[in-house]
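The entries follow in the order I made them.

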Amino acid sequence: MSEKRIVVLTGAGISAESGVRTFRDGDGLWEEHRIEDVATPQAWRADPMFVWRFYQARRRQLLDVKPNPAHFALAEMAQNREHFTLITQNVDDLHERAGTSNTIHMHGRLETLRCERSGRNEVRMDENELLDEFLTCSCCSEPVRLRPDIVWFGETPMFMNEIYAAVEQCDVFVVVGSSGHVYPAANLVNIAKAAGATTMLVNLEAPLNVDAFDEVHLGKAGVLLPDLLKRLA
Ligand code: NAD
């Protein structure tokens, strides 16, 4: 029998036990900020320095946090299976640091910055690149300002063709640590289900789209996910 195709979608909840705060655990704020003030193209246009400093703080925070057992369990599965796809809504690098090298970051990454003119991104994580001042690109003849390489609300997520192809072909679709508020990520479970996949959830509390899951495991990802993945292996 051929190996089952497994697709996992992670959200901010998987990094909570590593000390990275989620959006919607209590107050609906991201590190004390309203989403509209730091995660929209309008906010960037209105006050780019404020938005830049918010993301520079998030980028510096990457140096202080470590992957947790949920990230490591996914890395082990990624290394041992041929048909495995990890999609994340997260912008942190904890999946990579746990050992999953080909994670699909649908909402961008903190480690990279994007040229506002060419759209090219580049890793800029040296110590002197994590300060509060703007940085410029290394791709244009006259270097221009870099923006966070983040998909803001109202922008189109990245790699959607690749994501839909993986989800439409999977046998098992697992969501970990996502509140089901952010689209199109929150709809992927419906696409998987329509394609005949078994759908599973690991989340601290029931998300908005809980009814779309065949199996619901409520609790901490770092505690529940390693055992769930062993069962699927
Ligand atoms: P969300 O913040 O809307 O929801 C997080 C969910 O995780 C909640 O339902 C919560 O109950 C659950 N949760 C909290 N702790 C958990 C734990 N230990 N184990 C399992 N579940 C836990 O997150 P979202 O659905 O990913 O949407 C938020 C958006 O914010 C994403 O697009 C993402 O790009 C961005 N974001 C990213 C990060 C990050 O990269 N770590 C952090 C904050 C926000």
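Entry 1. I looked up which way the side chains of β7 point: V172, V174 and V176 go one way, F173 and V175 the other, and all are buried. The model is a predicted one. I note that in a regular strand the side chains alternate between the two faces of the sheet.

Entry 2. I asked why β7 counts as largely enclosed by the rest of the structure. Five of the five residues in the strand, which spans 172-176, are buried, and buried means under 20% relative accessible area.

Entry 3. I checked the pairing of β7 with β1, residues 6-10, and found five bridges in the parallel sense. For V7 I recorded F173 of β7 as the bridge partner.

Entry 4. I then took β8, residues 198-203, which also pairs with β7 in the parallel sense over five bridges. Here V175 stands opposite L201 of β8. With helix α7, residues 188-194, the strands β7 and β8 make a β-α-β unit, and I noted its hand as right-handed.

Entry 5. I wrote down a volume of about 60 Å³ for the largest cavity.

How values were computed. Residues numbered from 1 in each chain as written. Predicted model: local features only at pLDDT ≥ 70, side-chain atom pairs only at ≥ 80, totals over all residues. Heavy atoms only, no water. 1 Å grid on protein atoms, 1.4 Å probe; cavity = no way out; pocket = protein on both sides within 12 Å on 5 of 7 lines; lining within 4 Å. Points joined across faces, edges and corners; volume = space filled by probe spheres on them. Buried < 20%, exposed > 50% of the residue type's maximum accessible area, 1.4 Å probe, protein only. Helix = DSSP H or I, 4+ residues; strand = E, 2+ residues; numbered from the N terminus. Pairing = 2+ DSSP bridges. Right-handed = clockwise from strand over helix to strand, strands pointing away.
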